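Have a look first, then read on.

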Amino acid sequence: MDSYMVDYSFLFEPETDSIPLPQDLSVTSSPVCVGSMSEVERALLELLNGHPPSTPLTRYDICRKPPNSSIPSVLGENLSVIVAAVVFNKSGQVVLIQEAKKRCRGLWYYPAGRLEPNETLVEGAKREFEEETGLTFEPTSLVHVESHLLAGYWMRFTFTGYLTGGELKTPEKADKESIQAGWFSMEQLRSYPHCHIKLRAPDFLPIVEKTITQNSQMPNGRHPPLLPKLHPHHFMCMRIVLVKVINNEFQVLLNMEDTPHFPTVKDAWQADDSLHILSMDAFKTKNYMGPKHILSVEHAGYKTADGICLSIMTDVQTNRELANSSYVWHTVTHPEVRQLIAQRLELGMGIPCP
């Protein structure tokens, strides 16, 4: 562990979180359903820009659970959310904390902890980071999202960002949150387990590597910064942008019930599961999908709306015929939107879906 005064110069300066909208597609709001076919590409461009519809969802196209067994998501009851952070100093070292919990006391891990009631994902990440490291940081983007179905829904959201202040925790300030914090070089971490560092678990190491790769790429070679939007949802759900590429043409799947919109799945927690359910509803058969990326994350953070909505995008690898009249393929014609779709479909141009 390196023990010297931390230089708080910003390693990652805050970036713009949007891509300029083409002049003829500029929008002032994001309707939950795109009211006419001419608005499809407006809504798609907003999603590609990390901005989901702001109007609350009032209906779902597919329910993963029977209606009588579908209950709202409540933090601490049927939902557990972990917030974590990968933060570097000016020298490119990553901060880790030494655990104080009895079951893993003395082992090192990256700053992470449970989201508390009435707390947003960003607020939780900042609080946990300060409690465990003594430092403060400003999140600039999500870098990793995970989910499991254990005794309820379990999700972990890992942020990156830049240091804003604080004082590195020392053993003299040990508490129930952590014993101390320290800066570690990538050379040290990459030599694990053949080094003196004893980790609680090595599962965070690929996330650190991915964060380095993401931040070392040119802006046009990586996904734009992605922070959660404060939109309330009572249930876990997914909004799916399914793309079909035929003869260099891009088509997106729409559900036409009420007004054209991107399909939504209620009680959704995992991309492969949700895409299978969508395939069976729209095509009545399985489909093979390409890499799956997150376009947006929505979570409000108050008691009556603990649910989380992920907007995801992938491309279908098989040319199945639609078998449900509620769905249609819409051909994307605007060149800027087509270009953004192509970029997002490239491997590494998005945050992989859980």
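1. Start at Leu-150, which stands opposite Gly-152 in E7. These two belong to neighbouring strands: E6 and strand E7 (residues 152-166) run antiparallel and are joined by 14 bridges. A word on the names: helices (H or I, at least four residues) and strands (E, at least two) are DSSP runs, numbered from the N terminus. Two strands pair if DSSP finds at least two bridges between them.

2. Before going on, keep in mind that this is a predicted model, where local features need pLDDT of at least 70 and side-chain atom pairs count only at pLDDT 80 or more, while totals for chains, interfaces and linings use all residues. Residues are numbered from 1 along each chain as its sequence is written, and side-chain values use heavy atoms, with hydrogens and water left out.

3. Now the whole sheet around that pair. What is the order of the 4 strands in this open sheet? Reading across, they go E5-E2-E7-E6, with mixed pairing. Strand E5 (112-114) and strand E6 (135-150) are at the edges; each has a single partner strand, so one side of each is left without a neighbour in the sheet. On average, neighbouring strands here are turned by 20° against each other, direction ignored.

4. Two helices sit against these strands. Helix H2 (residues 121-133) packs on the sheet and touches strand E2 (79-86), E5, E6 and E7, with its direction at about 110° to that of E6. Helix H4 (residues 205-216) lies across E2, E6 and E7, at about 125° to E6. For these angles, axes are lines fitted to C-alpha atoms, for helices over the stretch in contact, and values run from 0 to 180 degrees between N-to-C directions. Contact means heavy atoms within 4.5 Å.

5. Buried means under 20% relative accessible area, exposed over 50%, and partly exposed in between (1.4 Å probe, protein chains only). While you look at the spacing, remember that an α-helix has 3.6 residues a turn, so residues three or four places apart point the same way. Just after H2, Gly-134 takes a positive phi of about 85°.

6. Next, a loop. Asn-78 lies between strand E1 (62-63) and E2. Is Asn-78 buried or exposed? With 15% relative accessibility, Asn-78 counts as buried. A polar atom of the Asn-78 side chain is 2.7 Å from the backbone nitrogen of Val-74. Leaving out residues up to four places away in sequence, Asn-78 touches Ile-71, Pro-72, Ser-73, Gly-152 and Tyr-153.

7. There is also an open sheet of 3 strands, in the order E4-E3-E8, with antiparallel pairing. Strand E4 (108-109) and strand E8 (180-184) are its edge strands, each pairing on one side only. H2 turns up again here: H2 touches E3 and E8, and its direction makes about 65° with that of E3. Strand E3 (residues 94-98) has 2 bridges to E4 and 5 bridges to E8. In E8, Trp-183 is the bridge partner of Val-95. Both faces of E8 are covered: Gln-180, Gly-182 and Phe-184 on one side and Ala-181 and Trp-183 on the other are all buried.

8. Strand E13 (residues 309-315) is largely enclosed by the rest of the structure, because 7 of its 7 residues are buried. Strand E9 (residues 237-246) runs parallel to E13, joined by 7 bridges, while strand E12 (residues 293-298) pairs with E13 in the antiparallel sense over 5 bridges. Ile-294 has Ile-312 as its bridge partner in E13.

9. Finally, the cysteines. Cys-237 stands opposite Cys-309 in E13.

Key: A polar contact is a pair of N or O atoms within 3.5 Å; within protein, one must be able to donate a hydrogen and the other to accept it, and residues adjacent in sequence count only if both atoms are side-chain atoms.
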